[in-house]
Amino acid sequence: MTHLANVVQWFADPAHWRGSDGIPNRLVEHIQISAEAVAIGALIALPIGIALGHYGRFGNLAINISNVGRALPSFGLLVIAFQVFGLGNLPVLVALVALAIPPMVTNSYVGLREVDPDVKEAARGMGYRELAQLVRVELPLAVPLVMAGIRTSAVQVVATATLAALIAGGGFGRYVIDGFAQQDYTKLFAGAVLVAALAMATELSLSGVEWLLVPRGIRLLQARAANRAATFKTA
Amino acid sequence: MNSRFDSSRFLAALAALVFVATACGSTGSGTPTASKGTLTVAGFNFPESSILAEIYGQALAHDGYTINYKLLLGTREVVAPALESGQIDLYPGYAATDLEFYNKGAGEANGDAVATTAKLNSHLQPLGLTALTPSPAVDQNAFAVTTDTQKKYNLSKLSDLAAIGGQLTLGAGPECPTRPFCQPGLQKTYGINFKAFKPLDTDGPLTRAAFKNGSIDVGLVFSSDGDLNSLGLVVLQDDKHLENADNVIPIMRQAAASAEVTSVLNAINAKLTTADLVTMNSQVSIQHQDADAVAAAWLQQHNYNN
């Protein structure tokens, strides 16, 4: 209990809210590296997942390859990237991008595959060209799953960006690594709390983005489906 | 009848054996008529300790002692009890670290090698052990700069940093801002206030990389580290003795520390320098030469020709 009080006191100390080792600066560092990693990861993963899902080919291959990627330990990758690129943000970015890619490939592939073939046929019948069909019909329908992939990636990346501090990087991981080295367990715990809070905030804000991106019609459809399910359950 | 015959053959055989033995003895190596005694030299489980043990051992062998080596024996927790029980006779120690080992971490060590050694001996005495004269060679925490930085500011010792600390970034393990031998010590003892601190590691790959890409100007290293030269790093002299005196020092059993052994080892110790340690460590750790050959070469340079 005194431990928890120490952590509260740590957050209350104004010295921990300013300077290069202050919470605001560490927050910016943490968000920056995470956002860069997710953005680069998305630029690589989404086109692959969407294309494969749209054409329905090589899906198993892509998913298997990206699942192997999931098995790669981020720490190992970080150490190897450090050997190659030296000190700085680049090795951290390499490790985090590799972590971000697999969920986005898998989810966007599945999202596009799950689009009802009848709907695709109807779009064709209405005269949509292939690209228009993909952008105006398939993608909107796939948004919930694609966004779930991005969300999963982002939360994992935010949690894992803590490792950056192991190779002299910034972010909230600094508090964890420094707290451990200095046997300052209050600082360590405060760092862990900050990382967890940021991961949750990421999850919530991306849920908000998803809500905005999902077309109103589908939202209504989902709501009705949910209501229907509830009705069935009570009946 | 039978027994008499047998005993005469036995005597003949014995005479032949004695003849062969003396013949062999006279055609043998020659110079040392007899060994002055047998000594067992041990070393810790790291290359520098093997080099130092070989130097001590080979110098004593040169003087006529028969030497057994127990190199890479283990940590101090293994080596010290072996010394106390007489399984080994001596090992190359480090004044401050050994003091803090034998006094169970009482914090008596300081930057003065002579005072630290006197304290160490007061703890060794009751155990039947003794520490000889500390060498000028030290393996301790030290602060290094690149040769470029050294030339730019004309630096040779830590007190030179006091005036320019505000322009420099210090790099060390993340614990440095809270350890008395590190950032707080530099501030208190030398009045150095650095522009920034970068949390890295203690003389590991992060510190090397940070020196290389210029993100730190001053970094924590070990003074006898073998690759300081090849990395273009210069250790600044600890002129106000912030760091504990981890001078190389032979620690041995009193029973084995005859006047002759003591004088041989003290003569060696007086000639050994930290720069020698850096060179020999790099020969063993980086160029993968054998510790015994490196030690022999050092002894040859100092006119101990075996």
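Predicted model: local features only at pLDDT ≥ 70, side-chain atom pairs only at ≥ 80, totals over all residues.
Start by selecting chain B, which has eleven helices and ten strands. Of the 306 residues in chain B, 44% are buried.

**Stop 1: colour by confidence**

Colour chain B by pLDDT. The mean is 88, and 89% of the residues in chain B reach 70 or more. Next, select residues 1–5 of chain B, where the pLDDT is below 50. Beyond near neighbours in sequence, this stretch has zero contacts in the model. Then move on to residues 17–32 of chain B, where pLDDT also stays under 50. Here the model has one contact beyond four places in sequence.

**Stop 2**

Select helix H4 (residues 95–102) and helix H5 (residues 113–124), both in chain B. Two packed helices are described by the angle between their axes and the distance between the axes. What are those values for H4(B) and H5(B)? Their axes come within 9 Å and cross at roughly 30 degrees. The crossing of H4(B) with H5(B) is left-handed.

Show the side chains next. On the H4(B) side, pick Ala95(B), Ala96(B), Asp98(B), Leu99(B) and Tyr102(B). The residues they meet in H5(B) include Ala113(B), Thr116(B), Leu120(B) and Leu124(B). Sorted by class, the contact between H4(B) and H5(B) has seven nonpolar, three polar and two charged residues.

**Stop 2: a helix with a buried face**

Go to helix H7 of chain B, residues 183–190. Which residues of H7(B) are buried? Select Gln183(B), Leu186(B) and Tyr190(B) to see them. Now look down the axis of H7(B): the buried residues fall within an arc of 75 degrees, so they line one face of the helix.

**Stop 3: where the chains meet**

Finally, show chain A together with chain B. Eight residues of chain A are in contact with 13 residues of chain B. The side of chain A that touches chain B has five nonpolar, two polar and one charged residues. For the complex, the predictor gives an ipTM of 0.73 and a pTM of 0.73.

Conventions
Residues numbered from 1 in each chain as written. Chains lettered and ligands numbered in written order. Buried ≥ 20, exposed ≤ 12 C-beta atoms within 10 Å, placed from the backbone. Helix = DSSP H or I, 4+ residues; strand = E, 2+ residues; numbered from the N terminus. Arc of directions from axis to C-beta. Contact = placed C-beta atoms within 7 Å. Nonpolar A, V, L, I, M, F, W, Y, C, P; charged D, E, K, R; others polar. pLDDT = per-residue confidence, 0-100. Axes fitted to C-alpha atoms, helices over the stretch in contact; angles between N-to-C directions. Left-handed = near helix turned anticlockwise from the far one by under 90°.
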